[in-house]
Amino acid sequence: MDTAPESRAVELKIDGEMRIYDIDDPKLPKWIDDESLASGNFPYDKKMDEDEYESDLEKLQIELVKVQFWQQKTGQRVMALLEGRDAAGKGGSIHATLSYMNPRSARVVALTKPTETEAGQWYFQRYVPHFPSRGEFVLFDRSWYNRAGVEPVMGFCTPEQYEDFLKQAPRFEKLVEQDDIHFFKFWLDIGRKMQLERFHDRRHDPLKMWKLSSMDIAALDKWDDYTEKRDRMLKETHTDHAPWTVIKANDKRRARLNLIRHILLSLDYEGKDEGKIGKLDKRIIGSGPDFLDKG
């Protein structure tokens, strides 16, 4: 006899209210649909117009091609880490950045879980071989900062390993900066209701189902744990030589544009056109300390 699939409905406390969220229900709850964009204190009540976004993105992508020519000419190396909660938009931001760059010298690093051999190494060791060589532009889709969030929350590292990481990361990143790598660290921040909406979208879109993992489901009731780890990470690993840049990413279009603008405005490359790059939107982008100060 066939049996109905087990429901994955969970009870979550959100904004002081207990809510039922069933990711398998094809209908998105109204309390999510109506409030997702504004969640997490997002400052806009509408997403950016698509035509305006496409126009701005094309200008930025032309500038990124200039960056590659400059890198090939001078040997400059660029590396950025993209971190954030599940469904924060890291993959889409990386795609928007790399779409028109030459893949021979611009690449993404998205490592799977450590092998048995890697698990026995110095924690940072498996990341170093993926660092940029002369003239390369490298984006990390998650990085060594797994040990500042996912691993301690989900019990994949010991408390001692977590504490050691927070002490070692700034020292490790000082070596990166001293080797003259242009180094960026981005935290893409989303509201809780926006995360639930994106999880729901992944669950019910055949083209996105692969993005929804068992880890995402297991983390549904661990929002506060992740928030605590995020805040401590931003506080203890934001340094002058390796600062955190936080982007409010409920609107993926605004987030992508500001991430790329920040990189471009920080590089002194040949042919740079600041008029085409535009200005950063300070309502959604800022430093790690500023983000923590504003709550």
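## Terms and basis

Buried means under 20% relative accessible area, exposed means over 50%, and partly exposed lies in between (1.4 Å probe, protein chains only). This is a predicted model: local features need pLDDT of at least 70, side-chain atom pairs count only at pLDDT 80 or more, and totals for chains, interfaces and linings use all residues. Residues are numbered from 1 along each chain as its sequence is written, and side-chain values use heavy atoms, with hydrogens and water left out.

Helices (H or I, at least four residues) and strands (E, at least two) are DSSP runs, numbered from the N terminus.

## Salt bridges

A salt bridge is a side-chain nitrogen of Lys or Arg within 4 Å of a carboxyl oxygen of Asp or Glu. Searching the whole structure gives 23 salt bridges. Side chains of opposite charge can pair when their charged atoms come close.

Glu173 and Lys185 form one of them, at 2.9 Å from N to O. This pair links distant parts of the chain: Glu173 sits in helix H6 and Lys185 in strand S6, 12 residues apart. Glu173 has 0% relative accessibility, so it counts as buried. Lys185 is buried too, because its relative accessible area is 1%.

Lys30 and Asp34 also meet through their side chains, at 2.4 Å from N to O. Lys30 counts as exposed at 60% relative accessibility. Asp34 counts as partly exposed at 46%. Asp201 bridges to Lys208, with the closest N and O atoms 2.8 Å apart. Asp201 is partly exposed at 34% relative accessible area. Lys208 is partly exposed at 27%.

## Helix H7

Helix H7 covers residues 192-204.

Of the 13 residues of H7, 10 are buried, so the helix is largely enclosed by the rest of the structure. The buried set includes the charged residues Arg192, Lys193, Glu197, Arg198 and Arg202. Met194, Gln195, Leu196, Phe199 and His200 are buried as well. Lys193 also belongs to a network of salt bridges with Asp15 and Glu35.

## Negative surface patch

Asp49, Asp51, Glu52, Glu54 and Glu58 gather in a surface patch of negative charge. Patches are made of residues with over 30% relative accessible area and no salt bridge; like charges are joined within 9 Å, and nonpolar side chains (Val, Leu, Ile, Met, Phe, Trp, Tyr) within 5 Å. Accessible areas come from the Shrake-Rupley method with a 1.4 Å probe. The place of a charge is CG for Asp and CD for Glu.

Asp51 lies in helix H2, residues 50-74. Asp51 has 62% relative accessibility, so it counts as exposed.

## Loop residues

Most residues other than glycine have a negative phi. Asn41 has a positive phi, near 60°. Asn41 lies in the loop between helix H1 (30-33) and H2, and counts as exposed at 61% relative accessibility.

Asp180 is not a glycine, yet has a positive phi of about 65°. Asp180 is in the loop between helix H6 (159-178) and strand S6 (181-189). At 59% relative accessibility, Asp180 counts as exposed.

Trp210 occupies the loop between H7 and helix H8 (214-218). Trp210 is exposed, with a relative accessible area of 66%. Trp210 and Glu116 are 94 residues apart in sequence, and their C-alpha atoms are 25 Å apart in space.

Note on methods
The expected span of a helix is 1.5 Å times one less than its number of residues.
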